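Subject: Structure handover

Hello,

Here is the structure I said I would pass on. My notes on it follow below.

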Amino acid sequence: MSFLMVLRIAIKALARNKMRTALTMLGMIIGVSAVITMVALGTGAQSSIESQIQAAGTNMIMVSAGNFQQGGVRLGQGNASSLTPEDAAAIRDLAGVQYLAAGVNTRAQVVAGNLNWGTQVQGTDVDLPFIRSWPEAYGAFFTPSDVATASKVAVLGAVVHEQLFGAGFDPVGEIIRINNQPFTVVGVMASKGQSGMGQDQDDVVLVPYTTVMKKLRGITFIQSITVSAASATDTSATADRISNLLRVRHKIQPDEPDDFMVRTLEEMASVRVQATETMTALLAGIAGVSLLVGGIGIMNIMLVSVTERTREIGLRMAIGAKGRDVLLQFIVEAVVLSAIGGSIGIALGLGVARGVTAWMSWPTSVTAGSVAVAFAFAAMTGVFFGIYPARKAAGLDPIDALRFE
């Protein structure tokens, strides 16, 4: 008997009792749609977290000066004078480094007209907007020539901009005073919000690090170097190369501790991604229980079908049908139930995922892999739970089957 003939017989057998067939498929429909929806929610949440971490600088490597100790007084990390602009230039040439910004910070009272605001003045380099994925709201960032000449130019954070000029005002070209020195405003950064440590990233004035060194603090060293690795997978290796380079440049012996610190955000990113992956797996596992229940429902209905069609099976075997033909017949019926239910479940899952995004603004992401896995699992469920009823039907004695009432 050809497979097409077996398929036609299976469809006709299922169509005899449409309500029972529909109710049998319902468990598979709910199971598959639940798997699709839950995986979409988990994947969407993971993508959202990854994008947030990317905005903060997924590939970011923080290099800071080490501890400074004078007598018995330890001033803590970042106070040593061992980190220099030449170190930053050497790191820029390392393999795996995409962007780099040297940093020197100070606090000052910033004055504009008759208004003033106490804030952090962050000396940095032109690559900072690329490292932090931080666009400008007004104007532009300062240029390499501004850094080279230690120009008195400033880019305002959103909070400083609002406090000194008011929201909606374009201050580009205006003059502000930092430590009684005039600075020209060349841009305003878009609102960034709080950092992962709770610090307000918008309460800052960004100026060239050379300007802070020479005209605000009078020093020859830098406090930090912010690096962006070329790829997330190369972040740890790049951090190791930076550590090795600085140990060589600072002439640190093998048994001596570093006079600097190198830290990455990779660990934080991996923990958060692992948490979302675990949650996605948990949600998918819970939804998978629905598939299991649907499979048991298919097996129950197929067993009922075997009992109802005992005389039909006996008649078919009496006129020459073999056991494997009957076995194939009932397996195909189970697979058809699962396949149709799985297809409807996929469509329903896609609709629910989009509905959740539209109504609740919850990020969802339906991948081709999750759809394929859900459908394949539905088909395998049909085969698995259809084998026992099919074997029972194939094992019937033709004479006993014909006598069955």
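I begin with a loop residue: Ala-150 sits in the loop between helix H5 (144–148) and strand E7 (153–156); helices (H or I, at least four residues) and strands (E, at least two) are DSSP runs numbered from the N terminus. Ala-150 has a phi near 55°, a positive value in a residue other than glycine. Most residues other than glycine have a negative phi. Ala-150 is buried, because its relative accessible area is 3%, where buried means under 20% relative accessible area, exposed over 50%, and partly exposed in between (1.4 Å probe, protein chains only).

Before the rest, two points on how to read the values. This is a predicted model, in which local features need pLDDT of at least 70 and side-chain atom pairs count only at pLDDT 80 or more, while totals for chains, interfaces and linings use all residues. Residues are numbered from 1 along each chain as its sequence is written, and side-chain values use heavy atoms, with hydrogens and water left out.

The chain as a whole

The chain has 13 helices and 12 strands. Of its 405 residues, 44% count as buried. Its accessible surface comes to about 20200 Å², and 61% of that belongs to carbon and sulfur atoms; the areas come from the Shrake-Rupley method with a 1.4 Å probe, and for residues only the protein chains shown count as cover. Taking contacts between residues at least 6 apart in sequence, 75% join residues at least 24 apart, where contact means heavy atoms within 4.5 Å.

Helix H11 covers residues 323–360, which is 38 residues, and reaches 54 Å from its first C-alpha to its last, close to the 56 Å expected at 1.5 Å a residue. The expected span is 1.5 Å times one less than the number of residues. Ser-361 follows H11 and has a positive phi, near 55°.

The axes of H11 and helix H12 (residues 368–394) come within 7 Å and cross at roughly 150°; axes are lines fitted to C-alpha atoms, for helices over the stretch in contact, and angles run from 0 to 180 degrees between N-to-C directions. That angle makes H11 roughly antiparallel to H12, since angles over 145 degrees count as roughly antiparallel, under 35 as roughly parallel, 65 to 115 as roughly perpendicular and the rest as oblique. H11 passes H12 in a right-handed crossing, meaning that the near helix is turned clockwise from the far one by less than a right angle, and anticlockwise for a left-handed crossing.

Which residues does Ser-338 touch? Ser-338 lies in H11 and is buried, with a relative accessible area of 0%. Leaving out residues up to four places away in sequence, Ser-338 touches Met-28, Ile-298, Ala-378, Ala-379, Thr-381 and Gly-382.

Val-32 is in helix H2 (residues 18–56). Val-32 counts as buried, because its relative accessibility is 0%. The C-alpha atoms of Val-32 and Gly-342 are separated by 5.9 Å, although the two are 310 residues apart along the chain. With residues up to four places away again not counted, Val-32 touches Gly-342 and also Leu-291, Gly-345, Ile-346, Ala-374 and Ala-378.

The buried residues of H8 are Thr-235, Thr-238, Ala-239, Ile-242, Ser-243, Leu-246 and Arg-247. In an α-helix there are 3.6 residues a turn, so residues three or four places apart point the same way.

Helix H3 (residues 85–92) packs with H8 at an angle of about 140°, the axes being 10 Å apart. H3 and H8 are therefore oblique to each other, and H3 passes H8 in a right-handed crossing. On the H3 side Glu-86, Asp-87, Ala-90 and Ile-91 meet Ile-242, Leu-245, Leu-246 and Arg-249 of H8.

Other residues

Ser-133 is found in the loop between H4 and strand E6 (136–139). Ser-133 has a positive phi of about 50° although it is not a glycine, and is partly exposed, at 37% relative accessible area.

Regards
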